[in-house]
Amino acid sequence: MNKILLEGQELDLSEVKFPVLIHGEENTGASLYTISFAANLYGKGSSIVFLCGFQQAAEEFTKQIGGIGDSQVDIFTKDQFDKFKTILASNSEDTIIFIKNIELFGEEVLELVTDKENVVLSGDINKCEFINILFQKQFHTKILFSEMSGVDLPALRQYEGYFETASLLGKTTVKISG
């Protein structure tokens, strides 16, 4: 499984405060980062519901966690949105909900998670049709791989993001395993 680094050191996932926003344009590294972030939380024992826009993301997530063999994880692609809604209604408050490629979904997906705390929303936020509604939600952790409306970033290299919580700031990357 890939590791998440903050300033070159493995990130202590207990420092992450939810909800989380991960923003990145195509080819910035935000996609692999989101998948690796989910896999790391799963590896630490978290239950995960993972909704993504593309099959390749579901396959990469499955690969990183070593396959699906327990009830601790549910993975859905955009064409399985109705199943995602059903599962979401029956999950505990401790389950972490990942929505990757949020710009591909309608406002309904945001309405499903707006009152939940353990949420990670990821994608090219600048392309979201419901960006104004999205920013009504307070995110305790923001991870930005490219410029986002109204936010200044330090200079970033390709595949590097900027991580910000109340207690942590810095550049973040994925260290690919094996």
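In strand S9, Tyr162 is the bridge partner of Leu144. The structure is a predicted model, in which local features need pLDDT of at least 70 and side-chain atom pairs count only at pLDDT 80 or more, whereas totals for chains, interfaces and linings use all residues. Residues are numbered from 1 along each chain as its sequence is written, and side-chain values use heavy atoms, with hydrogens and water left out.

The protein contains five helices and 10 strands; helices (H or I, at least four residues) and strands (E, at least two) are DSSP runs numbered from the N terminus. The radius of gyration is 15 Å, close to the 16 Å that the globule rule gives for 178 residues, so the protein is as compact as a globular protein of that length. The radius is taken over C-alpha atoms, and the globule rule is 2.2 Å times the number of residues to the power 0.38. The C-alpha trace spans about 40 × 40 × 30 Å along its principal axes.

Of the 178 residues, 49% are buried, where buried denotes under 20% relative accessible area, exposed over 50%, and partly exposed the range in between (1.4 Å probe, protein chains only). The protein exposes about 9000 Å², of which carbon and sulfur atoms supply 45%. These areas come from the Shrake-Rupley method with a 1.4 Å probe; for residues, only the protein chains shown count as cover. Among contacts (heavy atoms within 4.5 Å) between residues at least 6 apart in sequence, 64% join residues at least 24 apart. There are 15 positive and 26 negative side chains, and the centres of the two sets lie 5 Å apart. In this count Lys and Arg are positive and Asp and Glu negative, with His and the chain ends not counted; the place of a charge is NZ of Lys, CZ of Arg, CG of Asp or CD of Glu.

The 10 strands form an open sheet with mixed pairing, in the order S2-S1-S10-S9-S8-S3-S7-S6-S4-S5. Two strands are taken to pair if DSSP finds at least two bridges between them. Strand S2 (9-10) and strand S5 (73-77) are the edge strands, each pairing on one side only. Strand S3 (residues 20-23) runs parallel to strand S8 (residues 141-144), to which four bridges join it; across this pair, His23 stands opposite Leu144. S8 is also joined to strand S9 (residues 161-164), in the antiparallel sense, by three bridges. S9 in turn runs antiparallel to strand S10 (residues 169-175), with four bridges between the two strands. Leu169 of S10 is the bridge partner of Glu164, and S9 and S10 form a hairpin with four residues between them.

Strand S6 (residues 96-100) is mostly covered, since five of its five residues are buried. In a regular strand the side chains alternate between the two faces of the sheet. Both faces of S6 are covered, with buried Ile96, Phe98 and Lys100 on one side and buried Ile97 and Ile99 on the other. S6 pairs in the parallel sense with strand S4 (residues 48-52) over four bridges, and Val49 stands opposite Ile97. A further four bridges join S6 to strand S7 (residues 119-123), again in parallel; here Val120 of S7 is the bridge partner of Phe98.

Leu41 counts as buried because its relative accessibility is 5%. The C-alpha atoms of Leu41 and Leu13 are separated by 7.2 Å, although the two residues are 28 apart along the chain.

Glu7, which is not a glycine, has a positive phi of about 50° and is placed in the loop between strand S1 (3-6) and S2. Tyr159, also a residue other than glycine, has a positive phi near 70°. Tyr159 is found in the loop between S8 and S9, and counts as partly exposed because its relative accessibility is 47%.
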